[in-house]
Structures are given as C-alpha cells and as structure tokens.
Amino acid sequence: MTSSHTKQQRILAVCYGGGHVLMLIPVLKHLKELGHEIHVLGLTTAANPLRKAGFSPMGFQDIIQLEETRAIEHGKRLAAEMHQDNKVNSPEESIAYLGLSYADLEDQLGVAGAEQAFRQKGRQAFLPLNPIRRIFDIINPDVVLTTNSPRAELASIRIAAERGIPSVGVLDLFGLQPHNDIPADFVCVPFKQAVSILVDRGLNPENLIVTGNPNFDWVNEIPLTESRASAWRIHNHVEPTDLLALYAMKPNWDQHEEMIVSSLEHVLQENHSLKVAVRPHPNSDSQIAERVINRLGNVAFLDKNTPLSMSLASCDALITHKSTVSVEAALLGKQVALFHSNHDYPTHGIPLHLFNWGTFSISIAEGIKALSNLKKETSEAQKRRADEVRKAWNCDSQSHIRITNVVLQACEKMNLKEAA
C-alpha cells in the first residue's frame, strides 16, 4: 500500500525517450494522483509521450541563454547533422540540448579533450553536469527519479548526491552493463536475478528493490487483442495449424539480421508449416524487410502497421536480437529465438535459463537448430509459460505502485535523517 502520511513532495523526473519514459509515466501519474508536485525533464524523444500523458516537460531549451553563443554555435553545428524532425521535440530543443551538453564537455575536458571524446563516443561522451545544476536550481526538488541511461540521467544522480537530495533509479531491461551504471540511492530492478549482477558491480544490496518494470504491464490487458488474433491470422493467410514466427528486425541491416535470414532460409526448406511475419523496425527502411521477404518466399509477409501487441498475440514464436520485444513475447508465453554475437546474454539482465522460454544463437548452425525446434503449442502451454515468466518479472500491473513506494521511502528516509 502506498504511504499516505508522507507530506507533499516536489519530485523531479529526468528521462530520455523510448522505454525509459514509458517506465516512468505510470509512476509519475500515480505520484500526481497522490498529490505530489511533479516536474519532468523530458530529453530528446521523451517530450511527446509525456505531453500525451498530461505532463508539461521541461527541456534544455528552457535553460539556455541568448548570451551563450558558444553553446548555441555548437548546437547548430551538431543539430544540422543529428536532429531528427520525426523524433525529437523541435530543432530548438536539439540545438539547446546538443549545444549545452557539448559546451559542458569542453568545460570538463578542454576543447581538444572534448573533440576527442565526442569523436570516439558521440553523444555518449556527454555528462551535462552544469545544465542539470540549472534544472535543480529552478525546481529545488525533494527527490530525483530517473532511469539508467548515461548522460543527463547519470548527471542528475550525481547532482542529487552533490546536494544531499535522495535519488531513485529505475532499471530497464538492458541496464546491467558497465556503461549504464546507476549509482542512485535506491535502485528499482525488474527481477531478482538482476540483484546479484548489480552487487557484483559494486552496488549496495540494501539499496536494490525488486519492483518489476511498468513498461511491461500492458501484457496483462491482452485478452481483447488475443480475441482478434484469429481474424488477423486469417487475413494474412495463416492457417490455425501453421507455426507463425514474428521476425522483429533491427533498424539497420547487420550480421545478426543476415544470420537470422540465412537460418530461416535453411529451416523453411524442411518445415512447410512455418510462416514468417517480417516486422521492420519503426526507424528502418521498409525496403530492407521487403528484400527479406523476397529471400524467404511466399511463406513470408510484411507486418508493418499492425500494433505490436496484436502481432505478438497472433504469433506462436518470436525471432529477434537483443530487444525488449523478446521479453514482451515471453511474458505472453511465446517461444523466443534470440540471435546475438556472443553467449553473454545473461549479463544484459535477461534470465534466459528460466522457464525454457528462449534459445540463444550466435551462428547460423545454432540458429538452424533453434528454429527447427520451434513447435506449435497449445494455448494452455503458452499460458503456463506466461504465468511463470510474469511471476518472475513481477509483471502484475503493480510495478508502478512499488516504484512509487520507493520514491516516498527515499523522501521519508531523508526527512528522518534531517530530523536526527
């Protein structure tokens, strides 16, 4: 149960787009419903989802000054190459974000050092401490809520520590790698297997709380979609007895995609009940997917505009790379065939060995074996797997409440410390 006796808190959330902002939106809504004051720094692609959710996010555009000509010049130079109209809030926000971040990098490393770091790492070189200090000066938060991305999210944790403000970090699926360190006072993790990995990286186990990930809770609302799955299969000429695999592609063609398609070409020669829905990445050229369909033949078809939830509900198995879609498929009880360049997938935080829900291939030979072992399953078998995986991932539509409680716990701990 959410604490009801905590006084109203001023909460600053800092997040990028994609799965990061989607993790935090349900938490922020719940905190707002409880009467707390919510401020959000929505970075790059986070602004639009936040506005749709009813928030008014801040950006770097709100803190840049006209006299900061060095930052503005850097911002215009970088935005000319990097701004994407269909993703980022506005050209002005891109100029402010890139310019202030690069100018701060120069302040930290010098002109030559910043140039070298940016050449080597791109935007991953940014750690915009001074811009984040400005945000803190404006908001004066009681607690900071963020996720595990480097750059501004990591900077917000650093500035919170600098000012004695408690911080809560929410870990996404792939936050268990060294470059995604999350040194917050409290860290919310999606499942218990993540705890030992983070402890090995130096985090205090007392600060790690298993909460689940709100971004996956939509799978609990899937029954209506499942009821339309049969019609979707019929529309795409997939028989009830066919084994339908959804192939979720990366944005760009690489060796992993070639490995998947080459494996499929071999398996399709033997398994005539296998059908393949080829789903291009939203940020990719659909012509890449069409070339894949030409290679696979008439058993493959393009799945471009269908909502992902419908495609996952309709398929029997998912074929993909390192992607959150793989976890969503497993939470729906689907078989998953993953392809990557090495066998260290558990270090990315996915407990692959649990519940026999996935295979992991790093070569065409392994891929052929894995795809050949995909079987048509009953709905009962899928439900059993889904129940097991959801239990392990704390996927019960309560993740946002558990994270909210951690945020309020952080505030109470700070209040007790100040009163002592």
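Two strands are said to pair if DSSP finds at least two bridges between them. In this predicted model, strand 4 (residues 167–170) and strand 5 meet that condition, pairing in the parallel sense over three bridges. The points below begin with the sheet to which these strands belong.

- An open sheet is formed by six strands in the order 2-1-3-4-5-6, with parallel pairing.
- From one strand to the next, the twist averages 20°.

**Strand 5 and its partners**
- Gly169 has Val187 of strand 5 as its bridge partner.
- Strand 5 also pairs with strand 6 in the parallel sense, over three bridges, and here Val187 stands opposite Leu208 of strand 6.
- In a regular strand, side chains alternate between the two faces of the sheet.
- In strand 5, Phe186 and Cys188 point one way, while Val187 and Val189 point the other way; all four are buried.

**Helices on the sheet**
- Helix 1 (residues 19–33) lies across strand 1 (10–15), strand 2, strand 3 (143–147) and strand 4, and runs at about 150° to strand 3.
- Helix 6 (residues 152–162) packs on the sheet as well, where it touches strand 1, strand 3 and strand 4. The direction of helix 6 makes about 155° with that of strand 3.

**Nonpolar cores**
- The largest nonpolar core holds 40 residues, of which Val187, Leu331 and Trp393 touch the most other members.
- Among the elements that each supply at least two residues of this core are strand 5 (186–189), helix 7 (193–200), strand 7 (243–248) and helix 15 (379–392).
- Helix 13 contributes the most to this core, with five residues.
- A second, separate core has 36 residues, including Leu78, Ala79, Ala96 and Ala114.

**Helix 3 against helix 4**
- Helix 3 (residues 69–82) and helix 4 (residues 91–121) pack at an angle of about 105°, and their axes are 7 Å apart.
- Angles of 65 to 115 degrees count as roughly perpendicular, and helix 3 and helix 4 are therefore roughly perpendicular to each other.
- Residues making the contact include Ile72, Leu78 and Met82 of helix 3 and Leu98, Tyr102 and Phe118 of helix 4.
- The residues of this contact comprise 11 nonpolar, four polar and five charged.

Conventions
Residues numbered from 1 in each chain as written. Predicted model: local features only at pLDDT ≥ 70, side-chain atom pairs only at ≥ 80, totals over all residues. Heavy atoms only, no water. Axes fitted to C-alpha atoms, helices over the stretch in contact; angles between N-to-C directions. Parallel < 35°, antiparallel > 145°, perpendicular 65-115°, else oblique. Contact = heavy atoms within 4.5 Å. Nonpolar A, V, L, I, M, F, W, Y, C, P; charged D, E, K, R; others polar. Core = buried A, V, L, I, M, F, W, Y, C linked by side-chain atoms within 4.5 Å. Buried < 20%, exposed > 50% of the residue type's maximum accessible area, 1.4 Å probe, protein only.
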